[in-house]
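Dear colleague,

I am passing on the structure below, together with some notes on what came out of going through it. Please read them with the model open beside you.

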Amino acid sequence: MSNFFNIIERDLKRLWNYKIFIFTNTLTYLVQIFVYAFILDFLVSSELDYMRFYAAGVAILTLWSFGMWAAWEIADERSEGVIDYHLTLPLSRTEYILGRMIGGTLRTIVYSIPLFFIFLFVTGMGSFVNLLSIFGLLFLFSFGVTGLGVIIGSFTKEHTKLSFILGLIDAFLIRLSTIYYPEYAMDYWMQFISRINPLTHASDLLRWGLGFPDNSITLYSILFIVIFSLILIGIAIRVYSKRLEGGLAT
Amino acid sequence: MKQSIIEINNLTKRFKDIVAVDNLTLEIYENEIFGLLGPNGAGKTTLIYMLATIYRPTSGTAHIATYDIVEQSAKVRELIGVSFQEAKLDWSLNYNEILNWHAKICGLSKEERQKRIKFIVEKLQLFDAKGKPAYKLSGGQKKKIEVAKILIQRPKIAFIDEPTAFLDPHIKKTIWDLILELRDEGSTVLLATNLMREAEVLCKNDRIAIMNQGKIIKSGSPAALKDTIPGGDIIQVQSRNLKPEIEKELTNIPNIVDIRINDNQMLIYLNKAEDVASTILQILLQHGISVEKFQMSEPTLDDVFFRYTQKFLK
């Protein structure tokens with residue numbers, strides 16, 4: 001059990017490994033919050049407080065981006081052979097995989113918290129109780145996203161292929177969600193996909209947490225995030241474990 | 001009676017069409033340094049990867065201290081340590097962080113970790129690398145850290161793959177001494193190497209195996225393997241009055257395989273030279289040959305390696 005914590009500790013030790021990635025993501029986030037959000041709010045003629053709506057979507061997107069970084073990390077560690085080394089260490093595969101996923105999630109949280117405070121500064125607190133109650137769900141969501149990153153990273157270590165896959169996922173999931181625009185502004189088919197999109201539910205939950213008047217929390221959103229995350233965590237453990245046992249070089 | 005600690009039965013690993021390890025059966029005894037020699041691609045590293053529970057075998061079984069490498073892999077990992085051919089390091093961490101984390105996860109107490117790391121860092125002269133992240137280090141420094149991990153861990157069973165590749169002779173010697181110490185302290189070492197000198201030094205009193213195309217072609221003690229080469233020993237005689245008729249008489253000695261006389265020098269190719277050297281010398285003296293030089297040499301492990309791998313290399 002103590003080695004499970006050692007695995008988490010390793011991930012946390014390497015918190016600032018990817019400085020450029022953290023810097024560019026933070027910068028993009030700040031530009032989106034402080035520049036795009038205001039410009040778009042000015043451009044969009046709607047009763048909606050678009051600045052706050054957009055900022056909440058971007059916050060979830062940043063959380064998503066940090067979580068999905070696990071795919072790059074796993075792919076890199078595979079190509080450098082570091083995972084081969086980890087597999088010889090005295091701990092079970094489940095301890096290892098869970099340790100890596102929790103470590104990855106904690107890193108995502110650490111990266112995101114300062115940005116989240118900036119976000120609250122810009123958008124205002126809204127309902128503190130609501131906000132607090134969705135933190136657990138957002139943590140679970142980060143865990144699930146890290147799981148998805150782990151699954152993708154387990155299947156390819158080629159950067160070009162990985163870029164393509166992640167780009168494709170982003171292109172579909174982000175555009176077909178309520179990250180940038182509300183559901184009522186979408187075509188019917190887009191609305192349908194949006195309702196089965198985790199990014200929609202995560203950003204809607206955050207908006208509810210902020211006390212958006214148009215956003216009421218639904219049991220469906222809560223259940224969706226919980227089930228999505230648990231399924232991805234489960235699949236990640238199974239897929240990663242199977243890939244590890246089979247020999248990642250094959 | 002030697003106790004076996006690693007038992008491998010018909011172990012096979014396939015990668016699509018390639019059979020990296022082919023139906024391999026082998027026993028490694030407790031507290032020995034077992035050298036695995038073979039050309040590149042022979043399957044040495046794949047065998048280590050299976051025993052270290054990284055790869056799952058395609059078929060066959062292997063037990064490490066009675067634990068099955070597939071069914072009880074977590075138990076196996078509690079006993080083993082691996083030093084990889086290519087250093088597998090966290091690129092952003094410095095050697096102290098890498099070694100300390102490794103020792104910690106292997107269960108060493110803080111005091112023990114500090115003591116062992118200090119000792120090994122001094123022995124392997126890692127001071128130049130102090131504070132630098134692994135990605136800024138030279139290939140040799142990275143290799144030293146890789147070997148240092150296992151020397152600090154001191155596992156019950158150590159898998160060491162090419163421990164001195166890229167290293168200078170001075171450090172090579174130090175690492176060899178430390179591996180011998182590891183064995184003397186009770187560890188069993190499976191050593192994969194391409195360096196015959198390394199195998200000669202480390203496996204002198206133990207065993208080696210020649211591996212090729214996923215199979216063990218020959219195994220035994222270095223001395224026994226050398227003896228398997230027909231006419232591998234050479235006695236070199238130098239004299240100004242060598243007589244051709246001596247050749248006929250010497251051929252009667254069963255150990256002798258071939259004799260070549262050239263001017264003042266006679267080369268006798270034979271098996272187990274030490275058994276008949278005195279007889280040969282006696283015959284030479286009886287024939288009034290004034291022996292100026294009488295030198296015995298045995299085949300090297302290079303000769304053994306070439307003999308058992310040449311048909312594949314061709």
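**Notes on the two chains**

Thr53(B), the residue with a positive phi, near 70°, comes after helix α1(B). Please bear in mind throughout that this is a predicted model. The helix itself, residues 44-51 of chain B, is mostly covered, with seven of its eight residues buried; these are Lys44(B), Thr46(B), Leu47(B), Ile48(B), Tyr49(B), Met50(B) and Leu51(B).

Further along chain B, helix α4(B) takes in residues 110-123, and because 14 residues at 1.5 Å a residue should span 20 Å, the 20 Å between its end C-alpha atoms agrees with that expectation. Its buried residues are Arg113(B), Arg116(B), Ile117(B), Ile120(B) and Val121(B). They cover an arc of only 130° around the axis, so they sit on the same side of α4(B). Glu111(B), Lys115(B) and Lys118(B), on the other side of α4(B), are exposed. The elements covering the buried residues of α4(B) include α3 (95-105), α5 (139-153) and α6 (169-184) of chain B.

Of the 250 residues in chain A, 56% are buried, and among its contacts with a separation of 6 or more, 78% are between residues 24 or more positions apart.

Finally, the nonpolar cores. In the largest, which has 111 residues, the members that touch the most others are Phe119(A), Phe141(A), Leu206(A) and Phe159(B). Helix α3 (residues 50-80) of chain A supplies the largest share of this core, 20 residues. If neighbours within four places in sequence are left aside, Phe141(A) is in contact with residues including Ile60(A), Leu63(A), Trp64(A), Pro198(A), Leu199(A) and Phe228(A). Another core, of 47 residues, lies apart from the largest one, and among its members are Leu93(B), Leu124(B), Ile150(B) and Ile208(B).

With best regards

Conventions
Residues are numbered from 1 along each chain as its sequence is written. Chains are lettered from A and ligands numbered from 1 in the order in which they are written. This is a predicted model: local features need pLDDT of at least 70, side-chain atom pairs count only at pLDDT 80 or more; totals for chains, interfaces and linings use all residues. Side-chain values use heavy atoms; hydrogens and water are left out. Helices (H or I, at least four residues) and strands (E, at least two) are DSSP runs, numbered from the N terminus. The expected span of a helix is 1.5 Å times one less than its number of residues. Buried means under 20% relative accessible area, exposed over 50%, partly exposed in between (1.4 Å probe, protein chains only). The arc is that of the directions from the helix axis to the C-beta atoms. Contact means heavy atoms within 4.5 Å. A nonpolar core is a set of buried Ala, Val, Leu, Ile, Met, Phe, Trp, Tyr and Cys residues joined through side-chain atoms within 4.5 Å.
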